[in-house]
Every structure is written in structure tokens, then in C-alpha cells.
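Student: Can we go through this model together? I'd like to start with one of the charged residues.
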Amino acid sequence: LSNSAAHYFAQTGEPIRLFVQVSIPNVDDDLPVAKLLYQLIRQRGIPVDIFPVGSPLEKYIHAVQGCRFFIGSRMHACIFALSSAVPTIGLAYQPKFFGLFEQYEISRYVYPIQAVSTAWLCSALDSMISGEHEIRAFLRKKSVHLANQVVSSLTDATQEFFIKTTR
């Protein structure tokens with residue numbers, strides 16, 4: 001990942017921000033990996049920071065929305081980014097990641113985390129950089145479409161519930 005961060009910095013000159021979604025010591029904790037990645041990126045002279053752990057969810061989501069691009073290995077962080085039309089690369093640690101990226105019709109931007117290579121990640125970043133505006137526009141439309149599908153499904157389920165319970 002530090003090689004890909006260096007590639008991104010070389011392409012854009014933009015700093016890197018790391019996000020820790022889960023930090024429950026000795027249970028499920030992204031912080032040790034984020035700190036290691038922070039050190040590896042910083043050693044290359046690349047500006048990098050870690051978004052403050054324990055920040056309110058609203059601030060976390062707002063910070064994700066402000067990203068130009070997002071690379072994530074946590075499902076909800078990717079959902080926050082995609083639904084905000086932030087071009088996103090998913091590093092899938094579970095099969096459900098593939099379903100999310102298929103829903104957004106951008107399955108070419110998700111890869112199993114165990115098999116991801118610097119070459120694949122840099123290629124995906126280059127593709128996103130060159131098609132940034134088109135990808136953002138597509139994600140905006142897709143997010144609206146998916147939101148409308150959810151509302152429609154909830155409306156149908158609610159109507160069905162009330163019809164069954166009033167009989």
C-alpha cells in the first residue's frame with residue numbers, strides 16, 4: 001500500500017489521509033495497521049495523516065466525502081465513499097464487497113485484499129485519476145438510483161405489512 005501511496009502522490013502531489021473505522025484493542029483494531037502504513041508513507045517524505053480516532057461519525061463521514069479518491073478495506077467506509085460519489089477502490093476481505101461494487105457497476109475497482117498487487121492498485125488509481133469526473137457523475141446517478149430502489153422496496157414492504165396486519 002505504501003508503494004501505491006507513493007504512486008498516487010507522484011501523480012497528484014496530494015497528501016494521503018488514513019482512516020481508522022474500527023479501533024477496539026485486542027478485538028478488531030485498524031489502528032496498528034494504520035500507524036504502520038503511516039510510518040511507511042512518511043518515511044518516503046509523503047505528507048500523510050491519520051484521521052482522528054474516536055471522532056463523531058458525522059465528522060468521519062464528512063471527511064470521507066471530502067476525499068478525492070478512497071481506498072478502503074472496510075465495507076461501511078466504502079459505502080460512505082461510494083454513496084457520496086467519491087471514486088472508490090475496495091480491498092475485499094469478504095465476498096460481500098464484490099456485491100457492493102457490482103451494485104454500483106464498478107466491479108473492476110474491487111480486488112481480494114490477500115491478492116492485491118501494487119501494479120493492480122496503481123493501474124486502478126490511474127484509471128480513476130484519468131476518469132475522475134465521469135466516475136463521480138456515474139456514482140452520483142447510481143447512488144440516487146439505488147436510494148430510490150431502497151425507498152421503493154421500503155414502501156412496498158410497509159404497504160404489504162399494513163395490508164396483512166389490518167386483515
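Student: Which helix does Glu-132 lie in?

Tutor: Glu-132 lies in helix H7, residues 132–165. Keep in mind that this is a predicted model.

Student: Is Glu-132 buried or exposed?

Tutor: Buried: the relative accessible area of Glu-132 is 9%, and the cut-off for buried is under 20%.

Student: What does its side chain make a polar contact with?

Tutor: The side chain of Arg-68, at 2.8 Å. Glu-132 also touches Phe-69 and Pro-87, leaving out residues up to four places away in sequence.

Student: Where does Asp-30 lie?

Tutor: Asp-30 is in the loop between strand E3 (28–29) and H2.

Student: And why does Asp-30 count as buried?

Tutor: Because its relative accessibility is 17%, and buried means under 20%.

Student: Which side chain is the polar partner of Asp-30?

Tutor: That of Arg-74, with a polar contact at 2.6 Å between the two side chains. Apart from residues up to four places away in sequence, Asp-30 touches Val-20, Gln-21, Val-22 and Arg-74.

Student: How do the lining residues divide into nonpolar, polar and charged?

Tutor: For the largest pocket, 25 are nonpolar, seven polar and five charged.

Student: What volume does the second largest pocket have?

Tutor: About 150 Å³. The lining of the second largest pocket has eight nonpolar residues, four polar and no charged. Among the residues that line it are Val-20, Gln-21 and Val-22, which Asp-30 touches. Phe-51 and Tyr-60 also line this pocket, and both are in contact with Phe-19.

Student: What else is Phe-19 in contact with?

Tutor: Ala-63, Val-64, Cys-67 and Phe-70, leaving aside neighbours within four places in sequence.

Student: How many residues does the largest nonpolar core have?

Tutor: It has 44 residues. Phe-19 is one of those with the most contacts inside that core, a group including Ile-16, Ile-41, Phe-70 and Tyr-109. Helix H4 (residues 75–83) supplies the largest share of the core, six residues.

Technical notes. Residues are numbered from 1 along each chain as its sequence is written. This is a predicted model: local features need pLDDT of at least 70, side-chain atom pairs count only at pLDDT 80 or more; totals for chains, interfaces and linings use all residues. Side-chain values use heavy atoms; hydrogens and water are left out. A nonpolar core is a set of buried Ala, Val, Leu, Ile, Met, Phe, Trp, Tyr and Cys residues joined through side-chain atoms within 4.5 Å. Buried means under 20% relative accessible area, exposed over 50%, partly exposed in between (1.4 Å probe, protein chains only). Helices (H or I, at least four residues) and strands (E, at least two) are DSSP runs, numbered from the N terminus. Contact means heavy atoms within 4.5 Å. A polar contact is a pair of N or O atoms within 3.5 Å; within protein, one must be able to donate a hydrogen and the other to accept it, and residues adjacent in sequence count only if both atoms are side-chain atoms. Ala, Val, Leu, Ile, Met, Phe, Trp, Tyr, Cys and Pro count as nonpolar, Asp, Glu, Lys and Arg as charged, and the others, Gly among them, as polar. On a 1 Å grid over the protein atoms alone, a cavity is a set of points where a 1.4 Å probe fits but cannot get out, and a pocket is an open set with protein on both sides within 12 Å along at least five of seven lines; lining residues have an atom within 4 Å of a point. Grid points are joined across faces, edges and corners, and a volume is the space filled by probe spheres set on the points.
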